[in-house]
Amino acid sequence: MHDYSLDREAAAGRGAYRSAQDASARVTALRQELAHWIGASEHEISLHAGGTEALNAAIFGLLSDGDHVVTTAAEHNSVLRPLQHLVDRGTIEWTIAAVNEAGQVNAEDVLAAVRPNTRLVTCVHAANVNGAVQPIETIGTGLRRLDPKPLLLCDAAQTFGYLPLDVNETAIDLLAAPGHKGGMGPLGTGLLYARESIHEHLQPTVFGGTGTSSESLQMPNDYPDSFEAGNRNVPALVGWLEGLEARRGDEDAAKILQSTAGRLRELAEFMYSELTSIESIRVLGTPTNLVLPVASFSVLGMSAAEVAMILDAEFGIEVRSGLHCAALVHRPIGSPEAGTVRVSGGETTSRAEIAELVAALRQIAE
């Protein structure tokens, strides 16, 4: 990213000169790479400034007056707030499927909430508060049997690049994810997958130049151009491409994801085992199937903010405290009013690092 910004930075799709062509080629290569990881086609991928922007583009680009939406209480505010905004305006109605004490939704509850006018079902692949993986494939398979079939939007922020997720096998119509987590990219990058069959139903939410159809005062009809007004952050996208290519090498993404999922599961089991061994720590919302090394907990007699501050200042361990931008999942899992301490591991996290965290928490608890 540094070298590209200094020596070759140019706008993609905005000129015929050499550096602009190079920028366009790199953006195209990124679309192809992203598509490879989720079983899609490159023309089904639009690029955005993060997962939140991608989710907003999907929600506001699809829904209209009279639509009904089904979602879950495990969703991030990036989904809940746009939907609440449309509810407040009287544009849509929505039904929120409850989650259990592990923060997981029952697929049958989601399917049972579908109405004849249900336009969209949204389901996060894994909850950001505790890593609980949701039954996205069961929901997608169930929706396939309905007529009319609502579209399925998946928020894959916690799982893209970590867990296998094929959009065709799971019947996902729209999928949003940021680049900066399992995607191996920098902050401020994101993708929106939209199945080709629904492109004609998507309306742009941001208007401006695209480098195509410049003679028209209307946005292009073709996706992803219709969703990419203005210049993309090419240096960041180049960084994202480099990260994914370096991780994949010559291997198939599906094999890498299977291997990564196995390592993350082992790390999750170790993390939960160690955290639950500390008497004055209460682990909240333990998933029934440990898949991701993400956990929320509280320490007896201490606020989440206090614990996080001590871990950072005294031990150099960075965790997050609070409600984690997820408004509805905390009551079911029994969070304190001020939220939880959340620890999140990734592909490069080691058992030794988890052990170091646990040792620090034992000192704090004592």
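These legends go with a few close-up views of a predicted model.

**View 1. Helices α9 and α11 cross each other.** Here we look at α9 (residues 304-315) and α11 (residues 351-365), whose axes come within 11 Å and cross at roughly 115°. With angles of 65 to 115 degrees counted as roughly perpendicular, that is therefore the label for this pair. The crossing of α9 past α11 is right-handed.

View 2. To find Pro148, go to the loop between α6 (136-144) and β5 (151-155).

**View 3. The bond from Tyr223 to Pro224 is cis.** Omega is near 15° in this case. Pro224 sits in the loop that runs between β7 (190-194) and α7 (234-248).

**View 4. Met184 has a positive phi without being a glycine.** The angle is about 65°. Met184 belongs to the loop between β6 (174-178) and β7, and it is partly exposed, with a relative accessible area of 35%.

**View 5. His324, not a glycine, also shows a positive phi.** Its phi is near 60°. You'll find His324 in the loop between β10 (320-322) and α10 (330-333). Buried or exposed, then, is His324? At 1% relative accessibility, His324 is buried.

Key
Residues numbered from 1 in each chain as written. Predicted model: local features only at pLDDT ≥ 70, side-chain atom pairs only at ≥ 80, totals over all residues. Heavy atoms only, no water. Axes fitted to C-alpha atoms, helices over the stretch in contact; angles between N-to-C directions. Helix = DSSP H or I, 4+ residues; strand = E, 2+ residues; numbered from the N terminus. Parallel < 35°, antiparallel > 145°, perpendicular 65-115°, else oblique. Left-handed = near helix turned anticlockwise from the far one by under 90°. Buried < 20%, exposed > 50% of the residue type's maximum accessible area, 1.4 Å probe, protein only.
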